[in-house]
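I opened the model to look up a few residues, then the core and the surface. My entries follow in the order of looking.

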Amino acid sequence: VRSQFGSRRSPNLSARSARSCGFRLHTSPRAAMDETLIGWVFLFTMLVWRFVTTFDCVQRMLHFHKGFAFFLQWYTLTLIGLTLLLARTFWDIIIYDFIGYDFLSQAKIEQKIDRICEGLEMSDKECAALHEELTVPNWLRRTSLVAPVCGVLAFVLLAGLLGRFVQYNCYKKSKSPKREWNTMPWKLGLRLEWVIIIIGTPLVFIVMAMRSLVRVWAVVTGSCYKLGMTRADWAEATTLEMATYTMDLELAYTFQFYAISKFGLLCSNLLEHSRFIRAQIDSDREAFRHYKRTLATTSIQGVYAFVVIGLLRSAFDFGVAYFQEKPATKAMADAIQEKALVKVGTIFAFVTILCMINMVLVSKVKDISENLGNANLKFLGTRLLLLIAQIQPQVLSLAVVGSPLYKVVRENAQKFHLQEKLHVDLNQWTFTHYQSALAHVALLNIEGLIVVIVTMIFWRLTSKQRAVLLDDEAREGPWWLCGTKPVAARELASPRVSPEDADEEKVVGEGGGYLPLKGAS
């Protein structure tokens with residue numbers, strides 16, 4: 001039995017180590033899309049289930065047996081699903097890339113590429129071009145090897161932080177004299193639910209970036225090649241891997257748009273129930289509520305513009321990736337992508353910056369800062385991830401030989417003689433398409449760890465701020481469903497603080513134990 005490296009199979013590699021595209025045991029490369037499809041279905045199902053469980057009647061059924069209520073909540077099921085996918089992905093990386101490829105040993109990769117050249121009957125020139133296309137610089141190889149470890153560490157830390165938020169919610173509701181609280185302790189306050197979605201976004205990014213890392217590794221190591229493949233099969237396999245790479249990342253981007261929309265809802269909800277604006281007479285109450293609701297919604301139009309355009313861009317990218325996977329429509333999809341890439345990327349970069357400015361400005365409003373403390377610091381990690389996820393690919397594509405942005409840069413460099421003026425050889429600062437893709441997802445895992453650390457540092461809340469987040473009387477669904485009643489804006493504007501929480505000299509750290517308040521916001 002010959003191994004993929006052209007020698008007898010290593011004892012470190014089992015009979016399954018012939019990694020096929022996507023699922024490594026699949027014989028059909030088209031089956032690689034199955035796992036991504038499962039991910040999209042899972043995400044959509046969890047979002048629907050999350051909305052359904054906002055209703056009291058559903059929560060009462062889930063809490064019929066309190067021992068199972070926690071395991072049926074949307075946040076528990078989502079975390080279990082993400083954890084299983086992360087564990088499977090990291091196990092694959094350990095077995096195939098750390099052990100099987102000896103930490104992406106350059107010698108083994110080159111031997112594998114030689115095997116591909118032999119199997120596809122390539123000329124020396126074609127083989128040299130393939131080596132150049134798939135080569136990975138040492139700094140990028142080391143970065144990509146560190147990335148999964150950083151991703152797993154970030155996932156564990158952030159899951160622990162969110163778990164402490166949930167635990168605190170359950171503790172306070174269990175001790176509350178309110179029947180709707182102590183009978184449904186695992187039901188999150190609406191604002192707390194939004195916060196968990198917003199700051200929990202890196203969990204999805206880490207998992208899907210690691211899945212994408214596996215996809216691009218499968219190409220640059222040549223491990224998606226199987227004996228007996230023709231040139232057409234090899235081209236189809238690499239195209240399929242990169243299309244799946246794109247679809248994995250688009251799932252993370254789509255969830256980010258959903259999370260940013262929840263940031264908009266959180267801000268508009270706090271503004272709508274502002275305690276700084278009061279109606280003068282009761283007869284003006286309804287008109288007054290409409291006035292505040294209009295102002296609250298208008299103040300975050302930059303955020304909503306980002307969400308809408310982002311979803312449209314994700315639909316576009318998803319469609320392009322889908323048609324690239326089909327040989328009959330691949331050429332058309334490539335042409336559409338090349339023509340639209342610069343325009344769409346530029347527009348979306350502008351909308352991303354606009355969204356960030358909107359987030360910064362609205363976070364400074366008194367209603368937001370009073371109820372959440374220094375919201376700009378608390379959501380700093382969210383804004384960093386937003387900027388990284390949307391701008392980083394554009395920056396990397398500037399150095400990708402043959403990309404539209406690369407052509408623009410080279411044309412302007414020649415026009416203004418920048419290489420001579422800056423004494424820089426731009427030919428030394430170039431990427432292949434695969435190197436750029438690998439750098440992006442590797443950096444996403446490392447940057448995810450930084451975002452999680454920043455989030456853990458700044459998420460400390462006073463008792464008043466905790467009360468604001470635990471308030472769950474205003475629901476996303478219609479008020480007439482499942483017994484949820486509307487509450488006057490004046491009531492929602494003044495969160496109830498229990499006597500044991502009245503001491504403002506205490507602050508909850510990461511949703512858990514109390515810490516002395518020393519100028520914390």
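Entry 1. I looked up Thr-76 and found it buried, with a relative accessible area of 7%; buried means under 20% relative accessible area, exposed over 50%, and partly exposed in between, with a 1.4 Å probe and protein chains only. Thr-76 lies in helix H4, residues 74-100. Helices (H or I, at least four residues) and strands (E, at least two) are DSSP runs, numbered from the N terminus. Setting aside neighbours within four places in sequence, I find Thr-76 in contact (heavy atoms within 4.5 Å) with Phe-70 and Phe-71.

Entry 2. I note the ground rules. This is a predicted model, in which local features need pLDDT of at least 70 and side-chain atom pairs count only at pLDDT 80 or more, while totals for chains, interfaces and linings use all residues. Residues are numbered from 1 along each chain as its sequence is written, and side-chain values use heavy atoms, with hydrogens and water left out.

Entry 3. I took the chain as a whole. It has 22 helices and three strands, and 53% of its 521 residues count as buried. Of the contacts between residues at least 6 apart in sequence, 78% join residues at least 24 apart.

Entry 4. I turned to Asp-317, in helix H13 (residues 301-324). Asp-317 counts as buried because its relative accessibility is 18%. Apart from neighbours within four places in sequence, Asp-317 is in contact with Thr-246 and Glu-250.

Entry 5. Which residues have the most contacts inside the largest nonpolar core? They are Phe-165 and Phe-306, in a core of 119 residues. Helix H11 (residues 231-272) gives the largest share of this core, 18 residues. Such a core is a set of buried Ala, Val, Leu, Ile, Met, Phe, Trp, Tyr and Cys residues joined through side-chain atoms within 4.5 Å. Beyond four places in sequence, the contacts of Phe-306 include Phe-257, Ile-260, Phe-348 and Leu-386.

Entry 6. I checked helix H20 (residues 433-458). Its 26 residues reach 37 Å from first C-alpha to last, close to the 38 Å expected at 1.5 Å a residue, the expected span being 1.5 Å times one less than the number of residues. H20 is mostly covered, with 19 of its 26 residues buried.

Entry 7. Is Trp-429 buried or exposed? Trp-429 is exposed, at 63% relative accessible area. I place Trp-429 in the loop between helix H19 (418-422) and H20.
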